[in-house]
Structures are given as C-alpha cells and as structure tokens.
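Here is a short report for a first look at this model. Start with the structure below, then read on.

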Amino acid sequence: MILDLNTVRRQKGYAKIDLPDLQGHLSLPYEIKNLIGSIEVNQWEFEKFDLLIDGSVDVLVPCDRCGQMYWQHVTLDDKELFVIGHEPNREGEEKHLSEDDISTFYTPNGRVDVIELLSEYILNSLPSKLVCSDECAGPEELLQKLEFIDLILEDQGGK
Ligand SMILES: [Zn+2]
C-alpha cells in the first residue's frame, strides 16, 4: 500500500490508515497476529508531515534461550517525520527509509510505502533479547535437567 502525501495535502492535510487492513500484506520473516491500531498522518507545513504510529501486534519469534517459538507482544508507538523533497546535501536519489537518519524521511514524489515502513518498524520494535518467559530455563538449565533425569533413569534401571 502506497500513501501519497500529495493526496493527503488535498484532503485537508489529514489521513488515517487502519493497521488491521495491512496485516496480510506485511513483508516480515515472522508470522504475526492481532495487529491493531492506526497510522495518523498530519500535515504541519507545506511539505512536512507527521506519521503517528499507535498500536500493537503479536509476533511469532524464536526464544534466544531455549529456541522455542513464542508470541512476542510488541507495542507500536512512534512518530516519524516525512518531507516531500530531496534530502539536503545528498544526491537526488529516491530514499524512503534512510538508515542513518532515524526519524526524518525524504520522499521526492510524496509517496510512502506504508507496508515497507510498518514491516521495518515492527522488526525494529522487537526487544533486543527475545525470551519466551521469565521462567525460561535456557539451554544450560535444560541440559542439567536432562542429566538429572538420566541419573534417575540409570538409578532405576540398576535396580
Ligand atoms: Zn525460552
């Protein structure tokens, strides 16, 4: 889905995108569910627009400790600035998502790829340490448990 900021400008500078409408279209390496919330677009200068992302989603990710897949709840709460035009002091190439400038994006033709934006945003919102639960044993503890069970089994087998 492409958001055209020039169209937003004609619509009194405001637009709202419902995130559930985008759920089936995102390009993510993980499965997601329960995508709720919205992106609100507000024009505040002739060529400047705020994008307010507010919502949440559950993402199926592998636990860093035990490797099991689990649903990680992710809160989406952010504000991005979009400017119609070229990035200053740069070659005039089209650049939707610039890595070195986190919150200001330049779009020469006023078009914003909402699918790409939201997909990247969800990935960036994942916690740096993915842990399925506070009680997650992790591989070391699991190994100790397994050895313990082996001992019990050996003990029982010997009798
Ligand atoms: Zn785990």
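## A hairpin to start

Strands β3 and β4 form a hairpin, with 2 residues between them. This is a predicted model. β3 covers residues 32-45 and pairs with β4 in the antiparallel sense, over 11 bridges.

## The enclosed strand

β4 spans residues 48-62. Of its 15 residues, 11 are buried, so the strand is largely enclosed by the rest of the structure.

β4 also pairs with β5, again antiparallel, over 15 bridges. These two strands make a hairpin with 6 residues between them. In that hairpin, Gly 67 takes a positive phi near 85 degrees.

## Gln 72 in β5

Strand β5 runs over residues 69-84 and includes Gln 72. Gln 72 is the bridge partner of Val 59. Is Gln 72 buried or exposed? Its relative accessible area is 15%, under the 20% cut-off, so Gln 72 is buried.

The Gln 72 side chain makes a polar contact with the side chain of Tyr 70, at 2.8 Å. Setting aside residues up to four places away in sequence, Gln 72 touches several others, including Val 57, Asp 58, Val 61, Leu 126 and Leu 130.

## The whole chain

The protein chain has 3 helices and 7 strands. Their order along the sequence is β-α-β-β-β-β-β-β-α-α. The chain holds 159 residues, and 35% of them count as buried.

Among contacts between residues at least 6 apart in sequence, 56% join residues at least 24 apart.

Definitions and conventions
Residues are numbered from 1 along each chain as its sequence is written. This is a predicted model: local features need pLDDT of at least 70, side-chain atom pairs count only at pLDDT 80 or more; totals for chains, interfaces and linings use all residues. Side-chain values use heavy atoms; hydrogens and water are left out. Helices (H or I, at least four residues) and strands (E, at least two) are DSSP runs, numbered from the N terminus. Buried means under 20% relative accessible area, exposed over 50%, partly exposed in between (1.4 Å probe, protein chains only). A polar contact is a pair of N or O atoms within 3.5 Å; within protein, one must be able to donate a hydrogen and the other to accept it, and residues adjacent in sequence count only if both atoms are side-chain atoms. Contact means heavy atoms within 4.5 Å. Two strands pair if DSSP finds at least two bridges between them.
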